[in-house]
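Reader: I am new to this structure. Please take one part and look at it closely, then show me what surrounds it.

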Amino acid sequence: MAVIQVERKPLSFAERTYIPQILGGLKTTFKHLLKPTVTLQYPEQRPEISKNYRGVPTLVKDPHGREKCVSCQLCEFVCPPKAIRITPGEIPEDSVNAHVEKAPKAFDIDMLRCIYCGLCQEVCPEEAIWLQNQFSMSGYTRAEMVNNKERLYELGGTLPDQHFKWDKKKEAEEHGNAH
Amino acid sequence: MFDLYFDLPLWIRLTLQGLAVILVLFPLAAACSMAERKISAWLQGRPGPNRTIAPILAWVPGIGILQRLGVFQLAADGGKFTFKEDPVPGHVNKFYFILAPILAMVPALSTVVVVPFGAYFATVNGQTILTPIVLANVDVGLLAVFAVSSLGVYAVILAGWASNSKYPFLGGVRASAQLISYELSMTLSVLPVFLWINAPGGEGTLSLFRVVELQSGTGLAWDSVWYIFYFPLSAFIFLVALFAETNRQPFDMPESESDLVGGFHTEYGAFKWSLFFVAEYCHMIVGSAVFILLFFGGWNPLPGLPLGTLVNWLAGFAPWVAHPLVMGLIGIGIFLGKICTSIFVFMWVRWTLPRFRYDQVMNIGWKKLLPLSIGNLIFYTLGIALLAYLKK
């Protein structure tokens, strides 16, 4: 890279008094005085959350209302701070979803341990656990900060996918592979 | 009722006047700190303190406007400074440590004694003469202001020395050097104004009231033009020296937070620190008051439209306006408005300009401003002598 000579013109007399520069600066700051502020007035105004934001982890249901989680415990084992605790359980024979393998009897995420890394979402084979856009969570007691299964499904909502993996499996067993 | 006031014995009147001035000056200085936060915030594109509210007042309709203006933040800050733990570090010289903020407040508040705020028409022996509203109408007006405000240097030196620590010491040394350097230019720069008002034939005076009186002409006359137009260079030098004397950016080396932590007030805590700051804002207010009296016509609304003319015109619509009390209040109101504008300019410049380095500050004070003010004085002396000679 060749050396570039920067021409530094000597300051004129007026410039050396610094008054023109000062007045120019005053004009600039005065314009800022008249502009609206750029501050986001939280909590009245909320910030925009981007699409892949890693907020509080939640459990989701599928469009038929079935809980997607099958308590495979992969998220429990991958979670770095061991925030997730799952008790797997059987689905009763007379339930609509009896063809699904398992369902969690208890599913606790301790939000005081969660580091919002998103590894649980990455590893879940059922697309059941999703980190959504809640970014501020607070409570008065440690017990309050543990999200149990009801709270997780409440925060999660419904995932609008069309996989219906277990239903298709059941149909394939009953009627043969009908693609 | 007004005459009742004049029947009171002199010492009661003087006490009441003094109390009135303190009760206006102190909240004004405190409001200055609040205005500083809001104005600096707006200049930087943010809202400033806008959520503080006293919960018992939250139901009052329209209180939201005051809340967003940050008025209650002032009360919150005042309460915090009063009730917070006031630390006196173990390694300081206790007597001087506690003396320094008191010594800072005293000159700042005392200079207000000779500064006139307004005027009214008093009827004395059948003549209506313009009388100033001032705590002490002394003839040495300006000299008293400069003399007393120079004592503020002691407080800064004392604070830096008593704190027994590196950064306050450096801050104190820098502050004292800066303050005494710019005092020379400040006093020399306003001498042309006093040469002008002490025209031969009149009695010599340094009174600030006389300066404003001579800017109170009506219409197009030699004495209706404000002195900023006659003495622009003097005004400029005085303004720069005023910035340096009140330790305001771009000359706030003594308090530069980025390299001295807090300068001379590093070791000071809640109440003592607030005393330093109220003293600084009082200096700013009194300095602006002197600047306005000398160069911007004091309490006259416009050049060519003095207070007396305005009041007489308004009295055409409402006769009670001509009452001396109302006229005095109008004059004070106009004067306070000008002071508020001046304080806004102080803050505007603070958040526009970067700080001068210490050697640049000394350079400007001694090598640029002092020769300029001496040259200015010589120029105006010769000019006024020439004018006086030509008039004969």
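**A helix of chain A and its setting**

Author: Start with helix α2 of chain A, residues 19–34. Its 16 residues should span 22 Å at 1.5 Å a residue, and the end C-alpha atoms are 23 Å apart, which agrees. Among the 16 residues of α2(A), the count of buried ones is 0.

How far can this be trusted? The model is predicted. Chain A has an average pLDDT of 88, and 99% of its residues score at least 70. Within chain A, confidence is lowest in helix α1 (residues 13–16), with a mean of 80. Helix α3 of chain A (residues 74–78) has the highest, at 95.

Now the sheet. Chain A has an open sheet of 3 strands, in the order β2-β3-β5, with antiparallel pairing. Its edges are β2 (84–89) and β5 (146–147) of chain A, and each pairs on one side only. β2(A) and β3(A), residues 103–110, are joined in the antiparallel sense over 6 bridges. Ile86(A) stands opposite Phe107(A) of β3(A). A helix packs on this sheet: α5 of chain A, residues 149–156, touches β3 and β5 of chain A. The direction of α5(A) makes about 85° with that of β3(A).

Last, the partner chain. Contacts link 11 residues of chain B with 10 residues of chain A. On the chain B side, α2 (10–43) and α16 (324–350) each supply at least two residues. By class, that side of chain B has 7 nonpolar, 3 polar and 1 charged residues.

Key: Residues are numbered from 1 along each chain as its sequence is written. Chains are lettered from A and ligands numbered from 1 in the order in which they are written. This is a predicted model: local features need pLDDT of at least 70, side-chain atom pairs count only at pLDDT 80 or more; totals for chains, interfaces and linings use all residues. Helices (H or I, at least four residues) and strands (E, at least two) are DSSP runs, numbered from the N terminus. The expected span of a helix is 1.5 Å times one less than its number of residues. A residue is buried if 20 or more other C-beta atoms lie within 10 Å of its own, exposed if 12 or fewer, and partly exposed in between; C-beta atoms are placed from the backbone. pLDDT is the predictor's confidence in each residue, from 0 to 100. Two residues are in contact if their C-beta atoms, placed from the backbone, lie within 7 Å. Ala, Val, Leu, Ile, Met, Phe, Trp, Tyr, Cys and Pro count as nonpolar, Asp, Glu, Lys and Arg as charged, and the others, Gly among them, as polar. Two strands pair if DSSP finds at least two bridges between them. Axes are lines fitted to C-alpha atoms, for helices over the stretch in contact, and angles run from 0 to 180 degrees between N-to-C directions.
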